Amino acid sequence: MKHSLVDDDVPEIRAEHVRPVKKKRKFQDGTPVSNPREALQRVIKKIAGRYQFQSLGADEDIRVLILQPGFRADATQGRQKADPVICTLVPSALLSTQAAPGIRTLRHEALSYYWGQDEDNVPITIMVYKPTSAQPSMSNITQKTFWIRPNLHAALVELRSTKKPVNLWVDALCINQKDDVEKAAQVSRMNEIYSEASNICIWLRVGEMDPETSEVNPEGTKQTFEFICDMLSLKRLDRLIVDPTVAGRWLAFVELMRNKWFSRRWVVQELALAKQATVHYGQQVLQWSDFADAVALFVTKHDQINRLLKSHNPTDPDPIGDMRALGANTLAEATNNLFRKSKDGGIQERLLSLETLVSTLLAFEATNPLDTVYAVLSIANDTPYSNAKTAAKTVTSPTSGQVAQLGDPRIVPNYDKSLAELCSDFIDYCVEKSESLDIICRHWAPIPKDQKQPLLTLHAELIMPTWVSSIAGSAFGAPEAALQGRSNGDSLVGIPSRQHRKNYNASGNLKPYINIERQVRSMLVSPDTGKNETFELLSHGTGDAETDSQGSAMANEGKSELSTAAANTPNQIPSVSKIAKCPTAVLFAKGLCLDTIGKLSPRAAQGMILQEVLEMGGWNDDDDDLKKVPDRLWRTLVADRGPNDTNAPSWYHRACLECLAQVTQNGDLSTGALIENTSTASTMVTFLKRVQQVVWNRKFLLSKGTKEDDEEKLFGLAPTNAQEGDLICILFGCSVPVILREMRSEDDCYYYFIGESYIHEMMDGEALTLGKSPPEFPYHGYQEFKIR
């Protein structure tokens with residue numbers, strides 16, 4: 001029965017809504033609107049007016065941005081704001097390809113800059129010609145809006161001319177970033193794009209910032225660049241490093257070297273391929289070669305400058321920090337050692353392998369973790385992308401959208417891969433090329449970025465094999481942590497050398513015998529929270545394919561495991577639609593087990609070596625007759641190596657003995673305190689710095705052995721996450737011993753890779769002669785470790 005409302009049924013209004021005074025409302029951007037309908041219409045128009053990329057044609061290699069003339073803001077000239085940025089995107093052929101008739105080849109400069117974390121919230125205008133048979137004219141031009149980030153907008157404002165158009169190649173504008181197929185194709189041709197550019201414009205930012213007002217300080221920016229020019233005069237440099245009145249300029253230069261641009265992964269390639277490059281800091285411009293020389297001179301005078309800055313601010317004990325953490329220094333060194341170049345700047349020879357580049361360029365990060373590998377493909381000497389003709393063929397077909405697999409599919413740019421897939425493929429590639437397993441000991445892999453992903457791929461980036469070592473375990477950690485100083489000891493395997501010389505030879509000259517099996521783990525995801533639950537289902541194979549590379553029907557196997565589990569626990573297992581498919585891989589490697597870890601020390605935090613460690617190494621401070629440090633102690637402290645991985649100098653044992661005479665009241669050896677003590681002999685400081693490079697954040701170990709005598713047990717260094725009971729192993733093809741952790745389930749036995757280790761008197765193949773004839777490939781009768 002319906003009830004009609006009468007006045008008594010209407011509830012009393014206890015308070016009126018607060019309403020604005022009737023006048024035209026404004027959004028935060030200051031745009032007046034008369035009513036919400038008009039506002040909605042404006043939003044629709046804004047979306048409709050956005051620039052839409054057109055696919056490149058078959059003979060069109062790249063797009064070039066033609067930047068129209070404009071003026072920057074200049075209050076002295078009455079311009080409070082810069083002119084709007086107006087430009088055109090024009091298809092172009094590259095010089096290295098034979099352009100089809102009617103296809104222009106536009107000479108261009110290329111922009112190298114830091115994208116930044118801001119949103120794309122600054123509009124620019126891109127002029128588009130309407131499709132018509134008429135000649136281009138104002139009547140058939142439409143203007144479209146393209147939204148970019150503030151740092152790029154500032155660069156375009158500064159780099160444009162006031163008189164004529166400027167041709168620029170800018171990745172954010174010249175590549176359709178939302179098209180992974182096009183992006184992969186363009187990445188394959190970076191070699192040509194940057195090497196054919198007439199100049200690389202390095203944009204640092206709008207200039208030096210005033211710490212009090214947080215505004216740009218043009219005068220300070222100018223003074224910093226003038227100071228850099230003064231540094232290049234060697235006579236003036238000698239005065240500058242002792243002049244306290246310029247301490248502020250030195251600090252400004254240090255901050256400039258810490259600019260985020262120097263941490264970008266792509267800049268290594270961009271700068272290395274450049275025939276000429278200029279550094280832009282606001283309105284100030286400097287040749288890159290001059291800037292690089294200033295950085296190199298700074299490094300040579302590092303100690304004197306550090307002393308000057310310490311006296312300027314005694315509360316800061318290390319105002320500069322470790323130079324290896326400064327991206328500017330690493331970049332200046334790297335770009336100088338990547339190639340042999342001709343007089344005109346052309347590349348005659350690439351010097352470094354892909355493995356070397358990825359393993360050493362740790363100070364540089366990429367927005368997309370996959371670019372950790374892809375960003376250096378063009379500058380490696382063992383990839384097809386170093387050759388312009390090959391790279392031109394290994395591109396995406398504009399019509400089919402398929403990538404021509406002329407390169408190695410393990411490293412062909414493919415942005416549909418998960419990070420775990422790329423990492424395992426990269427390691428597989430490196431092992432094949434180098435005939436060494438050392439890459440699993442190098443801490444290079446990027447930390448997965450938090451990304452908004454569909455429910456079923458939520459954990460695809462998290463299933464990383466343990467034999468893919470994260471950059472967080474490197475000497476200075478991830479790039480953002482590097483400025484805080486050392487985090488871990490240096491890598492024991494070192495970096496690959498052009499002469500294939502290794503620091504150690506624990507597995508002799510044996511080649512690795514490995515197999516990498518691709519798998520897909522199924523993580524059960526809570527439909528309510530999107531988080532994985534404790535269940536984990538494992539199916540083997542290579543993803544969506546019905547069979548793996550050996551032809552076994554893995555897809556059906558995965559389904560049967562799932563159905564069995566679901567039948568056994570019907571109330572606990574969610575539906576198949578809530579299972580995340582996570583590609584991962586298992587490494588099968590042959591080797592032998594030396595022993596089990598029986599005792600571990602606490603980690604050597606900040607290079608502090610506890611009395612317990614000294615005793616584990618055979619040192620007894622109470623023995624007055626002990627005039628010599630046991631070999632296994634002092635050699636382990638320096639990993640039996642000296643500077644630049646040479647053999648340990650004979651005087652190290654003497655320096656160690658003098659250091660042990662200056663332990664703390666608790667009997668600990670504080671390497672940091674002794675280094676900072678101005679009365680410590682310089683040779684002792686040299687020895688202690690080497691000790692820190694080796695032991696920092698590592699643990700000391702004693703193996704279980706077969707006898708009670710500690711001298712019969714293995715002594716050495718283990719990763720910080722090692723545990724008692726872990727296995728000390730030699731993997732054939734790996735130059736150092738490794739620590740593995742055995743894991744067992746009801747129907748499986750496998751291992752986790754914990755990390756590399758130093759084992760005294762087991763670093764040069766000694767383990768291969770213990771009661772057996774030397775192993776022969778393919779090592780029949782030796783253990784195969786299944787490492788997840």
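This is a predicted model: local features need pLDDT of at least 70, side-chain atom pairs count only at pLDDT 80 or more; totals for chains, interfaces and linings use all residues.

Colleague: Why is Tyr-504 called buried?

Modeller: Tyr-504 has a relative accessible area of 4%, and buried means under 20%, so Tyr-504 counts as buried. Tyr-758, with 1%, is buried by that cut-off too.

Colleague: What makes Tyr-504 and Tyr-758 an aromatic pair, and how are the planes arranged?

Modeller: The ring centres are 6.2 Å apart, and rings pair if their centres lie within 6.5 Å. The planes are 65 degrees apart; over 60 counts as edge-to-face, so that is the label. Tyr-504 lies in the loop between helix H17 and strand E14, and Tyr-758 in strand E24, 254 residues apart.

Colleague: The structure holds 25 aromatic pairs. Why is the one formed by Trp-250 and Phe-298 called tilted?

Modeller: The angle between the planes is 45 degrees. Under 30 would be stacked and over 60 edge-to-face, so the pair is tilted. Trp-250 lies in helix H8 and Phe-298 in helix H10, so the pair ties together parts 48 residues apart in sequence.

Colleague: How do you know that helix H4 is mostly covered?

Modeller: Six of its eight residues are buried, among them Lys-183. What covers the buried residues includes strand E3 and helix H14.

Colleague: Where does the charged end of Lys-183 sit?

Modeller: The charged end of Lys-183 sits over the ring of Tyr-415, 4.6 Å from its centre, and the distance limit is 6 Å. Arg-788 lies over the face of Tyr-750, at 4.2 Å from the ring centre.

Definitions and conventions. Residues are numbered from 1 along each chain as its sequence is written. Side-chain values use heavy atoms; hydrogens and water are left out. Buried means under 20% relative accessible area, exposed over 50%, partly exposed in between (1.4 Å probe, protein chains only). Helices (H or I, at least four residues) and strands (E, at least two) are DSSP runs, numbered from the N terminus. Contact means heavy atoms within 4.5 Å. Rings of Phe, Tyr and Trp (its six-membered ring) pair if their centres lie within 6.5 Å; planes under 30 degrees apart count as stacked, over 60 as edge-to-face and the rest as tilted. A charge sits over a ring if NZ of Lys or CZ of Arg is within 6 Å of the ring centre and within 35 degrees of the ring normal.
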